[in-house]
Amino acid sequence: MLPDDPFFNHPREYHTPPGREGWLARNFPRLFFYPLLWKCIAVGAYVAIRGRYDNEFWALNSWQVLQALEYVGCRIHAEGLEHITAVRGPCVFVANHMSALETTILPGFIEPRKRVTFVVKRSLTTAFVFGHVMRSRDPVVVDRKNPRDDLAAMLTGSEERLAKGISIIVFPQATRSPNFDRAQFNSIGVKIAKRNNVPLMPVALKTDAWGCGCKGVLKDYGNISPDVPIHFRFGKALRVEGNGKEEQEQVCRFVEDSLTEWHG
């Protein structure tokens with residue numbers, strides 16, 4: 001565990017001072033948030049390098065990122081956490097993918113209730129500093145070079161983790177997007193759940209408050225928009241029957257209905 005940190009134990013909120021408009025005011029949330037994020041990542045990497053980045057620390061580290069977002073004025077809403085607790089044993093979480101926010105925040109919601117890891121692209125495990133954290137979580141890794149090899153890696157890797165009682169978080173979309181497109185939302189989560197006879201839990205999220213930056217190494221460092229609400233919604237667990245088409249439809253409908261409601 002980290003020693004007591006007065007900053008995170010007493011989170012504050014940023015409010016734009018009256019009359020201070022323009023570039024500086026618009027970018028204050030980003031200028032405040034990213035140094036806090038880097039602090040969380042650096043401390044996490046330090047602990048991971050020393051082999052002490054355990055499940056409890058992952059949840060704490062994730063929660064600190066959440067508090068950093070709240071510090072700059074973001075509002076985070078989470079629903080359906082009771083559904084996580086209601087499932088006995090591991091399950092497969094299937095979510096839409098909007099930004100880097102869910103990768104850092106989801107463990108804070110799930111890990112205190114259920115051991116979990118991600119299906120991730122290899123670049124996240126080799127990233128400077130953050131790679132130490134991700135590797136310590138024993139994720140299922142895909143290369144995104146050969147679809148057939150990636151499918152085999154996901155099925156085999158997920159089977160190994162689920163057998164150990166570790167749940168899996170899957171983002172079936174090919175890439176992050178603020179819009180949900182069924183055509184880009186494959187059924188890999190359903191396949192993994194059916195193959196391992198474990199429940200499937202739909203997760204809808206709206207995380208576009210954390211925008212995308214430039215391509216390359218800066219793509220995760222876009223603008224932070226406190227006026228855009230952040231939503232996480234966990235649905236009731238499903239058991240995959242038959243060919244899984246009905247369950248895939250239910251997951252897609254859950255995400256679509258949630259996004260429609262949130263965009264209001």
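Ile110 is buried, with a relative accessible area of 0%; buried means under 20% relative accessible area, exposed over 50% and partly exposed in between, using a 1.4 Å probe and protein chains only. Ile110 is found in helix H5, residues 101-110. This is a predicted model, in which local features need pLDDT of at least 70, side-chain atom pairs count only at pLDDT 80 or more, and totals for chains, interfaces and linings use all residues. Residues are numbered from 1 along each chain as its sequence is written, and side-chain values use heavy atoms, with hydrogens and water left out.

**Around Ile110**
- Beyond its neighbours within four places in sequence, Ile110 is in contact with Ile84, Phe93, Val116, Ile169 and Phe234, where contact means heavy atoms within 4.5 Å.
- Ile84 and Ile110 are 26 residues apart along the chain, and their C-alpha atoms are separated by 7.2 Å.

**The chain as a whole**
- There are 10 helices and 7 strands in the chain; helices (H or I, at least four residues) and strands (E, at least two) are DSSP runs, numbered from the N terminus.
- Of the 264 residues, 50% count as buried.
- Among contacts with a separation of 6 or more, 74% are between residues 24 or more positions apart.

**Helix H3**
- Helix H3 (residues 55-71) has 17 residues and reaches 24 Å from its first C-alpha to its last, close to the 24 Å expected at 1.5 Å a residue; the expected span is 1.5 Å times one less than the number of residues.
- H3 is mostly covered, with 12 of its 17 residues buried, including Phe57, Trp58, Leu66 and Tyr71.
- Just after H3, Gly73 takes a positive phi of about 105°.

**Aromatic rings**
- The structure holds 13 aromatic pairs; rings of Phe, Tyr and Trp (its six-membered ring) pair if their centres lie within 6.5 Å, with planes under 30 degrees apart counted as stacked, over 60 as edge-to-face and the rest as tilted.
- Phe28 and Phe32 are an edge-to-face pair, because their ring centres are 5.5 Å apart and their planes are at 75°.
- Both Phe28 and Phe32 lie in helix H2 (residues 23-49), 4 residues apart, about one turn of the helix.
- Phe28 is buried at 15% relative accessible area, whereas Phe32 is partly exposed at 32%.
- The rings of Phe33 and Trp210 have centres 5.2 Å apart and planes at 80°, so this pair is edge-to-face too.
- Phe33 lies in helix H2 and Trp210 in the loop between strands E6 (200-206) and E7 (230-234), so the pair ties together parts that are 177 residues apart in sequence.
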